[in-house]
Amino acid sequence: MLLRHTPKEINERSAVTINPAKTCQPIGAMYAALGIHGCLPHSHGSQGCCAYHRSALTRHYKEPVSAATSSFTEGSSVFGGQANLLQAINNIFTVYNPEVIAVHTTCLSETIGDDLNQIFDKAHKEGTVPPGKTLVGAATPSYVGSHVTGFSNMVKAMADLAEPVGKKNGKVNVIPGWVEPSDMEEIKRLAKMVGAEITLFPDTSGVLNGPLSGEYSMFPQGGVTVAELKGCGDAIGTLALGEWCSADAARLLDTKYKVPCKILDMPFGLKATDRFIDALRIISGTVVPEEITYERGQMVDLISDMHQYFYHKKVAIYGDPDQLIAMTEFLVSIDMCPIHVVTGTPGKRFEKRIKELTADMPFEVNVRAKGDMFLLHQWIKNEPVDLLMGNTYGKYIARDEDIPFIRWGFPILDRQGHQYFPTVGYKGGLRMLEKILNALLDRKDRDDPEEKFELVL
Amino acid sequence: MATAKKKLVQWEPTDIKKELLKKYPPKVARRRAKQILINEALENTTPEIVANVRTIPGIISMRGCTYAGCKGVIMGPTRDIVNLVHGPIGCSFYAWLTRRNQTDAGVDGENYMTYCFSTDMQDSDIIFGGEKKLAQAVQEIYDLFHPKAITIFATCPVGLIGDDIHNVARTMKEKFGDCNVFAFSCEGYKGVSQSAGHHIANNQVFTHMVGENNEEKAGEYKINLLGEYNIGGDGFEIDRILKKCGITTISTFSGNSTYDQFASAHMADLSCVMCHRSINYVADMMETKFGIPWIKVNFIGAKSTAKSLRKIAEYFGDQVLIDRVEAVIAEEMPAVDAVREEVLPRTTGKTAMIFVGGSRAHHYQDLFAEMGMKTISAGYEFAHRDDYEGREVIPFLKVDADSRNIEELEVEADPERFKARKTPQEYKQLEEAGYKFKEYDGIMPDMEKGALVIDDLNQYEAEKLVELMKPDIFCAGIKEKYSIQKLGVPMKQLHSYDSGGPYAGFRGAVNFYQEIDRLVNSKVWSYMKAPWQESPELSATYVWE
């Protein structure tokens, strides 16, 4: 047994987190910044933060992840990191020449109290920022919230680059949240089909799912441009896909520049995708084409074809709030029962929302925000499930408890495909249904006694 | 497959160095110039390199932090100690199972390596202090698991807010009575790289665990294996070979280790140092305090493995052991040679670059050499000058602001337990016969004249080097992997071995030969261009039949 010391009996802990279902803010900020075209993310802290975040993102995407760091020493920790950041900005523009440097802070620089805006001002005054280049900054103290919070903070900083000219440009801002490059591509495809002109930000497609061609560019073609971000204050509206990842940026554009926003769920599963497409057509004043309705129908068809295998199967899921909310609704919509739901990210609203979504389920849900995977494992020991869904760390629970396991979320360190195949939208829904079905049926084929083993399922 | 395609390097090393420095701001160029060295292999002196100095802000370095060296590298492979990280959640999360240290706890042994423990500090802890939460976390761990030991790691904010983690550790240790609790002040901003963290970790391991268990251990020819972390199962293979030779490993620091191994390390009669960088000072302290001499060994490469085994046997000087070692080598080598000869036609003449660690950039050159491959450029991520130039430079190392705040333990001979392992005459005899204790000559004497030795290589320089010198394989870590491969050059991780290993010992050598053969000769590198990109002119004249 790999997690042999985890007892079935649950004692509440107040101080120690064991096997976290979250990580810290800066990595979220780094991922979001990679969705800006020509951007080099920069970590204002010790160099270890940057090394860890780059490693984690690289292991997940199997793509180069460039980012720089202020490399704090003991001295900078005492006197502040201004000198380091100024030097870094100069070195970065001279050596790597990005369009944008997106700086996020760390627990170290936040504890010291470094003020990014003041340092940026100084850099501009010293002339180390070449004309036309941009500095973006987000405060991302690691001791508040989670990686999701950091993502949201950087996305908000991106929205704050808006420079409205005061004339609506007819575009819709779509803030996709922390989804895969493949998902961002799929959202753009759907929007194009709907006929809505959108600014998607961040947009890591074309950045973290690039080709192998014998050439390396530190700044690939993808990503939302600064010009597009400047224009997002003139958009006709904003759709924020997910309260935790995207709502803050949307609300900023709403309050600051009167760009009306609608906060939706991430478009995972039938119903959330329905709401996304419907909102997109209404805000952009277009008609949903037959092709999309057709794709939707295919998804409904698969649900009906395979419903017998989904019905009342118990599922344990863990990950990030926006994803879990959408996935919980998805699972309930195909009559599966997500009975254990854990996120490491804090937020009481999360628990409330999951309870609402599972209210009609025949089993009571165990839900915890600011929980950990140790607790999830204990819940599973007390009430076993038919399926486990979440990031790669779940494989230890899956193996010990012998549960079919689907990798979904961040990070996925031991399988491929998430960069290339979306799980949002109807096409993504088909893929998700296929994954669930395969996991359940592979297990059935493994476990059925010979006399019950069947050719046709 | 084409054999030994010879790619002549078009550039002189001096030109390459110039090219690497060209784009830097003058200040950066001046600093980097001292860390990029053309190996001149002078008669008696090794050229001097600048190493173990600060990373330049904004220059994309491969390095990690002190915490990573302490928690990740040294304490990461300890399975029956609960390693609790005091800080915001990230530091513990990123060090959770990501280094591929393998361990064998058996069916019911203690194993906490699959777990991740953190105090998950919140803003209120930063403002009001985190000591109470830390003490409570230690208590909760004790109540849940009753481990032999709980260790505490400081992260950046802990040093700033001044939590006294050592006091918490002391108090809890006294309270429990049956659980060793101690702490590491390994804040990420200390030192200039992981190396400082290795030192902080090893000092505490030496202070709080070594020497706790005075029970005599069974077995003959007792050694400690220092600086072997069992990445990808290296330690398992070394253990297999040592066992076959009849050599008893009292402790391994710290691959596949147990608490008791550390506690009993002083009962060994010889310390064998694998990774000189991360642990040579522990070997020194073992000698000063307990009288255990040390030698440098290297189990990377079949020949190096054989050489190291012979060196151990020669130390003990027992003919039975010497014969057994020879028998083991004779038994193991045919299988190694068979694979080596099989891959040689496909690997001979190919070139490699290695930029990892504090030892591996040196050790792995042996394996490449066995395959007929030349290492044309190499360097360390976090090594010191002695790892480049040899131990004779140690007395001349400059102490700077960063190295000064990493504690050097003052160790004296243990009044009761110090025991000379050999008589002065025996030592003299060995040394007169050419036997070398505490010796390490560093990477540079083993590299060719004109090879580029580069300390703390960064992303820009890596890309330039590959572009200019076109190696057949590049070795570094995960962060570097894909930018190199995008250029069409295979990249092997030599920190975590990608998903491979072991590469140590005899079986490891076989694995490595096969892995490198697979990488440098993979068909995929020929797919970079589509047919219409390779001969675009055809498209205009092509006619359907």
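Helices α8(A) and α17(A) are oblique to each other, a class that takes in the angles left over once those under 35 degrees are counted as roughly parallel, those over 145 as roughly antiparallel and those from 65 to 115 as roughly perpendicular. The axes of α8 (residues 181-194) and α17 (residues 425-447) of chain A come within 9 Å and cross at roughly 135 degrees, where axes are lines fitted to C-alpha atoms, for helices over the stretch in contact, and angles run from 0 to 180 degrees between N-to-C directions. Helices (H or I, at least four residues) and strands (E, at least two) are DSSP runs numbered from the N terminus. The contact is formed by Asp183(A), Glu186(A) and Leu190(A) on α8(A) and by Gly425(A), Lys427(A) and Gly428(A) on α17(A), two residues being in contact if their C-beta atoms, placed from the backbone, lie within 7 Å. By class, this contact has 1 nonpolar, 2 polar and 3 charged residues; Ala, Val, Leu, Ile, Met, Phe, Trp, Tyr, Cys and Pro count as nonpolar, Asp, Glu, Lys and Arg as charged, and the others, Gly among them, as polar.

The model is predicted, so that local features need pLDDT of at least 70 and side-chain atom pairs count only at pLDDT 80 or more, whereas totals for chains, interfaces and linings use all residues. Residues are numbered from 1 along each chain as its sequence is written, while chains are lettered from A and ligands numbered from 1 in the order in which they are written.

Chain A is assigned domain 1 (25-159), domain 2 (172-289) and domain 3 (292-451), with bounds that come from an automatic or database domain assignment. The centres of domain 2 and domain 3 of chain A, taken over C-alpha atoms, are separated by 25 Å, and 31 residues of domain 2 are in contact with 29 residues of domain 3. On the side of domain 2 of chain A that touches domain 3, at least two residues each are supplied by α8, α10 (243-257) and α11 (270-284), and α8(A) gives the most, with 9 residues. That side of domain 2 has 18 nonpolar, 6 polar and 7 charged residues.

Helix α7 (residues 147-159) of chain A is mostly covered, with 13 of its 13 residues buried, a term for residues with 20 or more other C-beta atoms within 10 Å of their own, against 12 or fewer for exposed and values in between for partly exposed. Ala33(A), in helix α1 (residues 25-33) of chain A, counts as buried because it has 29 C-beta neighbours inside 10 Å. Leaving aside residues up to four places away in sequence, Ala33(A) touches Cys39(A), Pro41(A), Ala102(A) and Met154(A).

Between the chains, the contact takes 66 residues from chain B and 62 residues from chain A. Helix α20 (residues 478-486) of chain B gives the most to the side of chain B that touches chain A, with 7 residues.

The peptide bond from Phe410(A) to Pro411(A) is cis, with omega near -5 degrees, and Pro411(A) is found in the loop between β14 (405-407) and α17 of chain A. In chain B, a cis peptide bond joins Phe253(B) and Ser254(B), and Ser254(B) belongs to strand β7 (residues 248-254). Asn256(B), in the loop between β7 and α11 (259-264) of chain B, has a positive phi near 50 degrees and is buried.
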